[in-house]
Structure formats: structure tokens, C-alpha cells
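The following briefing goes through one protein model for a reader who wants cut-offs stated alongside the values. Please look at the structure first, and then read the notes by topic.

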Amino acid sequence: MYSHYNLHSTSRLLCLDDATGELRWSATVSGRANGMPRVNGDKTMVAMVHNDDVDDRGGVGVFNLTDGSILWEHEGSPYAPFGPPSSIDWNDVIYWGDSSLRGYSDSGSIYHLDFKSPEKVHIDFLFDSSTMTPPTIRADGEQLWLGGRDASIYSWNLVGSRRGRLWQKHVALSQRNVSFRKCFFSFFILCETAKWLTCSFQLL
């Protein structure tokens with residue numbers, strides 16, 4: 001699967017044969033494709049996160065992997081573009097965050113789409129920042145990490161009675177980072193036991 005953006009405010013989702021490179025199908029997505037397409041475990045569907053160029057409204061399209069026909073289209077709020085999605089966890093779920101007020105808000109949301117019931121997008125958590133980086137999911141699907149524009153790393157538990165935020169760690173490296181609060185973190189990592197994390201950062 002491959003996506004690209006052109007100058008006419010649309011993106012294309014391409015499905016290529018992995019053995020020959022032959023184009024099997026293509027589909028049009030409104031606005032800018034964001035992140036990589038995500039294919040579910042039994043390879044019947046693919047999800048593509050995208051953002052409208054007019055009002056920065058985030059969206060997620062779910063397509064039939066056989067012929068590229070659209071199955072569901074989900075829209076977010078105006079001026080809150082979606083960040084790129086996580087990889088698919090062991091339970092066939094993808095997560096992503098948003099960036100309210102085009103990235104200049106002190107609040108954001110975490111969403112997920114379950115490929116077992118892709119007709120609905122769920123809002124999981126609210127947090128005190130916004131993000132345009134992909135979340136990272138622990139190998140067992142039980143914990144999520146995300147970098148915010150407030151130069152913090154956030155972690156959430158995704159299952160059981162402890163579902164919710166576990167911690168927030170502010171990791172600004174200088175007063176400049178604290179003042180401008182525009183340090184994005186791109187993850188990561190992960191060893192299978194998830195005993196440690198690594199991240200990189202970019203000053204904007």
C-alpha cells in the first residue's frame with residue numbers, strides 16, 4: 001500500500017502487487033494523506049488517515065483491500081487535523097491523536113478504530129496538549145505512548161480497570177523549548193518487554 005498527495009487537494013491510495021509492482025487499484029482521498037496506510041490482520045481492509053485542506057478537518061477512510069471501494073468514511077472536527085496513525089496492535093486496532101486549532105491548542109484527543117467494527121471511530125482520552133506524531137503501541141497492545149507539542153511524553157494504559165493515563169514526562173531540553181513549546185517527539189522504540197523507550201525530537 002502507498003499513498004501520495006498532489007497539488008489538487010486530493011491524495012491517492014495505491015495498491016501494488018508486491019511481486020510485480022503492477023497497480024491493482026487506486027482510490028482518491030480528500031485532502032492530505034497523513035502517515036502510512038494500515039492493513040488489518042486478515043488483509044481485507046485498509047485505513048487511511050487524511051486532513052482536509054480547507055478547514056483542516058481530520059478524516060479516516062476505510063477501504064476494501066480487494067478492489068479499493070470505500071467502506072466507511074469518518075470525519076473529525078474542523079480545525080483539528082488528525083496526526084498519523086500507530087501501527088496495528090495485536091487486536092486489530094489503530095490509534096491516532098489530533099491537533100486542535102491547527103496545532104496551537106493546549107488540548108487534544110486520542111482516537112481509535114477497531115477493524116472488527118470499523119463503522120465507528122472511538123474517542124479514548126483527552127490530554128493537555130496536541131500532537132501530529134504517531135502513537136506507539138506496546139507489543140502486547142496494553143500501553144500507548146505519544147509525544148505532545150508541549151515537549152512532554154504521555155503514556156496511557158489501554159486495558160482493564162487501570163485504563164487511562166499512567167504518566168506524563170516533560171522532557172524539554174532548554175528554556176527555548178519551554179518558551180516556544182514547539183518540540184515534537186517522534187517515537188520510538190520498543191523492546192518486546194517495553195522496559196525502556198527511545199525517542200527523537202525536532203525543534204520547529
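Aspartate 55 is buried at a relative accessible area of 14%, where buried means under 20% relative accessible area, exposed over 50% and partly exposed in between, computed with a 1.4 Å probe and with protein chains only. This is a predicted model, in which local features need pLDDT of at least 70 and side-chain atom pairs count only at pLDDT 80 or more, while totals for chains, interfaces and linings use all residues. Residues are numbered from 1 along each chain as its sequence is written, and side-chain values use heavy atoms, with hydrogens and water left out.

**The loop between β6 and β7**

- Aspartate 55 lies in the loop between β6 (45-51) and β7 (58-64); strands (E, at least two residues) and helices (H or I, at least four) are DSSP runs, numbered from the N terminus.
- The side chain of aspartate 55 comes to 3.0 Å from the backbone nitrogen of arginine 57, a polar contact being a pair of N or O atoms within 3.5 Å, of which, within protein, one must be able to donate a hydrogen and the other to accept it, and for which residues adjacent in sequence count only if both atoms are side-chain atoms.
- Aspartate 55 also forms a salt bridge with arginine 57, with 3.3 Å between the closest N and O atoms, and arginine 57 counts as partly exposed at 24% relative accessibility.
- Aspartate 56, found in the loop between β6 and β7, has a positive phi of about 55° although it is not a glycine, and it counts as buried at 13% relative accessibility.
- Valine 54 is found in the loop between β6 and β7 but is exposed, with a relative accessible area of 70%; valine 54 and glycine 31 are 23 residues apart in sequence and 8.3 Å apart in space, C-alpha to C-alpha.

**Other salt bridges**

- A search of the whole structure finds seven salt bridges, each defined as a side-chain nitrogen of Lys or Arg within 4 Å of a carboxyl oxygen of Asp or Glu.
- One of them joins aspartate 114 to lysine 116, with the closest N and O atoms 3.1 Å apart; here aspartate 114 is buried at 14% relative accessibility, whereas lysine 116 is exposed at 54%.
- Another joins the side chains of arginine 138 and aspartate 140 at 2.9 Å, N to O, with arginine 138 buried at 18% relative accessible area and aspartate 140 partly exposed at 31%.
- Salt bridges that share partners bring Arg138, Asp140 and Glu142 together in one network.

- Strand β12 (residues 136-137) pairs with β13 in the antiparallel sense over two bridges, where two strands pair if DSSP finds at least two bridges between them; isoleucine 137 stands opposite leucine 144.
- The hairpin of β12 and β13 has five residues between the strands, and glycine 141 in it takes a positive phi near 75°.
- Strands β13 and β14 (residues 152-157) run antiparallel and are joined by five bridges, with tyrosine 154 as the bridge partner of leucine 146.
- The hairpin of β13 and β14 has four residues between the strands, and alanine 151 there takes a positive phi near 60°.

**Aromatic pairs**

- Seven aromatic pairs are found in the whole structure; rings of Phe, Tyr and Trp (its six-membered ring) pair if their centres lie within 6.5 Å, and planes under 30 degrees apart count as stacked, over 60 as edge-to-face and the rest as tilted.
- Tryptophan 96 and tyrosine 111 form a stacked pair, 5.9 Å centre to centre with 10° between the planes.
- This pair links distant parts of the chain, with tryptophan 96 in strand β9 (residues 93-97) and tyrosine 111 in strand β10 (residues 108-114), 15 residues apart.
- Tryptophan 96 is buried at a relative accessible area of 0%, and tyrosine 111 is buried at 8%.
- Phe125, Phe127, Tyr154 and Trp156 form one aromatic cluster.

**The chain as a whole**

- The chain holds two helices and 17 strands, and 48% of its 204 residues count as buried.
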